[in-house]
Amino acid sequence: LNFAVALHATVSTQTRRQSPLLLKQPTPLRGAAAQRPGQSQDKPQVPDKLFTGRIAKWVGAPRVTEGWDMTKEHRGDLMRAMLIGLTTKSRHSYDDKIIRKRYQWIKQVQAFDTVLVEKFGVEVAAADRLVRLGCRVAFSNSPNDWLGVSETGALPALPSRSLPSLAIEAIDARDALLMSDSVDWLERLRSLQFLRLRRCPFVDDHLLARLAARCKTLKLLEISDCPGITWEGVASLWPEGLALVPTQLESLVPGLFVEGVDDLLALSVPRAAPEADSESVYSAELAP
Amino acid sequence: CAFGFQQRSGRALWQLGGHLRRLCTPTGARFVGDPKRTQGLERVSQPSWKGIENKDRPTYTVDPDEDFPDECDALVIGGGAIGCSVAYWLSRQVNCNVVVVERDPAYTRAASPLSCGGIRQQFSEPENIQMSLFGSQFLRNIKENLAVFDLDPPDICYAPHGYLVLADEANAETLRTNNQAQRKLGAKVDLMSPEKMKETWPWLNVSDIALGAFGTENEGWFDPYLFLQALKRKAVSQNVKFVVGELLDFEFSMQRYVKGDLSFEQERLKAALVKCPDNLVRNINFGVVVNAAGPWAGHVAHLAGVGDFAGKVKLPVEPRLRYVYHLHCKEDLFPTPLLNCPSGAYLRAEGPGGHYIAGLRQSVFVVSLPPHAAKKAAAATPGIDAPFIQDVASGLHLRRDGFQGDFVTYVNPPPPLPVDQLSESAVPDEPECNGVDLEPDYDWFDKQVWPRLAHRVPCMEAVKVRNAWAGFYDYNTFDQNLVIGRHPFHENLIFCNGSSGHGIQHAVAIGRAVSELVLFRQYKTIDLSRMSFERLQTATRIRETGII
């Protein structure tokens, strides 16, 4: 009950406002404008008769401090219902809101941005976007240097202008947040050879189908542990895609020999060493 | 306003007819319950669907029920893919009451679950291309669009593979023109020469083919029943009321329009009489009614007086039967070992093309034979990369189903050329359809499908029919394209019928278009004003050329 009364008090003081029936007095001219010749301060135009009936009561109304103002009870009930609704009943949880915000951020980052491309060139712009999504990127001039977000969360030092000689050769997208729209960036890279999609939560059949259709310079594609892909996505990589997918089964399963892998190993870009991948769920189980 | 500036051509003509209107209904009776209607009157000719008995508009006693929605803002007749899509878009954009009336909640004879569920952008009309692009974008993000809070996001088993449309010399030029139109609208479709097709798919017979068009993106197939369920679930979560009942008739009210000296009276659709499963008839008053009845849309339009007192032009939609066959085709050129390693990895051959699928729990790896061996093996059977083949000249459709060497095929006989001299119902080789029976005909496969199949894919001479089913097309006998828009006489009746086999892929776009018609009275996303009901009155055909 005290709660309700407190609400009433806030409501009544806040809603007491000046009635529009009162004519506004014009503000007096100050400074240089006041001293201009031929212009005197206007007299406030107060009409002869004021409508005093309701206004006088309103302007001079006392503050509600004690007692129960029965006329405002409905408004108080509304306020109380609103407050209860805000705190208890919600159509979507707060987790849902946070997830939704994150999802929208990812969509925004991986959407193709022509302004960025004009400023930095396709390769550097793509590197910036991919790095923000959690990938590591290797350029053609220094293939052993992977540029990615550091442990502290700092973005790497990418070139600040367009360098036409640079080309991305390898992308290591372990645990990255790539979605199907990011293929818009990948298809414009002129010499992308190595793409590693491992444990990517948003990689689905659609992304694989787009990759197969658009990325023609790929030599190696790894899709492991991506929960969103199904057999249909793998099937869409046929037949060119067959040569792309590495056979890491050999390194994981002792004694297994798969034909046709040898020509895939002859590459200038070193793969991110799979033996050193300590984040793999299975490396602990399979280590002898 | 009755004399507004919108599409009033039909109504204006009707109004100018004035008292001549009375000649159209012999006794001048106008609404249900008017005894003048049946006095000395010969029966109005109706299409005779077995199972739906001929009626001459008897009166019904309406039984009230508290739980039954007796009024709504928008009534959707038919709860198939298009009906659920309309309900979803309407309830998504505005907080209005939407009621969907569906007589068979198990969808045993509905067109949606019995279709093959393919989506493609390879059409010749720009509206169809745009609707498909919109639909494919929606399906790509379906986990986002149709997710209901606290339930698993929907999965429609979407397989992203392109369509391959094959054209012989007669159709090659049309295919080229269509391809340009598709590319202009943003569809990614590549033209392929017969040599290129032979190289990519050695098992395909391209000896009589001049040109092929292969869609590289935004095409594929999915499970239409799962799609329907996802739409329905999302609509229900947005407070759409689904009512089980069969539409018996409409109720009309006489509306009087006055301007100055001129005045005329007109029947206005007021309520729908619905027969519920407990055999009681109830009425639903509506503001707007959407005809999404699929193959039986012509009957629903007839109940509203379209073709009778609401204008002489009928809605030319009727059910047509299509048989779909599930085939198995596999030649054992290579043994299929199943290698199971102690660590949990497995390896198995996939088809005779020398492809193997290997997996280790969630990891998926694909390995293949060296190129020379693979080529030798791949010449025989269609493999995993088989596209959805559509042969325009013969009307054959063929697609892969699953990974075990199964295929699904059907024949959609195209209307014979030339377009202008076509009579509306003279299409050869159509199975007989009575609107009720859904029994597949295996002789039809031997006579119609197998010759076309064996000619196109030679290894399918020895194919085995594993299964078959039959489904209805909501076939537009006039020009086999969608009829969408308001009726010129009945302002509150909106059509979205006659997709003739493309309803499932255009359902999303059609639903959005109808919701925009209801809310804004104009199209906002895709302009479908060319496909209005008025083209039936002016006899303007919008027919797909070079596409089946």
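Guide: Chain A holds 12 helices and 4 strands. Helices (H or I, at least four residues) and strands (E, at least two) are DSSP runs, numbered from the N terminus. This is a predicted model; local features need pLDDT of at least 70, side-chain atom pairs count only at pLDDT 80 or more, and totals for chains, interfaces and linings use all residues. Residues are numbered from 1 along each chain as its sequence is written, chains are lettered from A and ligands numbered from 1 in the order in which they are written, and side-chain values use heavy atoms, with hydrogens and water left out.

Visitor: Why is P156(A) called buried?

Guide: Buried means under 20% relative accessible area, exposed over 50%, and partly exposed in between (1.4 Å probe, protein chains only). P156(A) has a relative accessible area of 18%, so P156(A) is buried.

Visitor: Where is P156(A) found, and what does P156(A) touch?

Guide: P156(A) lies in the loop between β1 (136–139) and β2 (168–174) of chain A. Leaving out residues up to four places away in sequence, P156(A) touches V131(A), L147(A), G148(A) and V149(A). Contact means heavy atoms within 4.5 Å.

Visitor: What makes α3(B) roughly perpendicular to α11(B)?

Guide: Helix α3 (residues 126–140) and helix α11 (residues 503–520), both of chain B, pack at an angle of about 100 degrees. Angles of 65 to 115 degrees count as roughly perpendicular, under 35 as roughly parallel, over 145 as roughly antiparallel, and the rest as oblique. The value falls in the perpendicular range, so α3(B) is roughly perpendicular to α11(B). Axes are lines fitted to C-alpha atoms, for helices over the stretch in contact, and angles run from 0 to 180 degrees between N-to-C directions. These two axes are 7 Å apart.

Visitor: How do you know that the span of α5(B) is close to the expected one?

Guide: The expected span is 1.5 Å times one less than the number of residues. Helix α5 (residues 169–184) of chain B has 16 residues, with 22 Å expected. From first C-alpha to last, α5(B) reaches 24 Å, close to that value.

Visitor: Which residues of α5(B) are buried, and why are they said to be on the same side?

Guide: The buried residues are N171(B), A172(B), L175(B), N178(B), N179(B) and Q182(B). They cover an arc of only 135 degrees around the axis, so they sit on the same side of α5(B). The arc is that of the directions from the helix axis to the C-beta atoms. The face turned away from the buried side carries the exposed residues E173(B), Q180(B) and K184(B).
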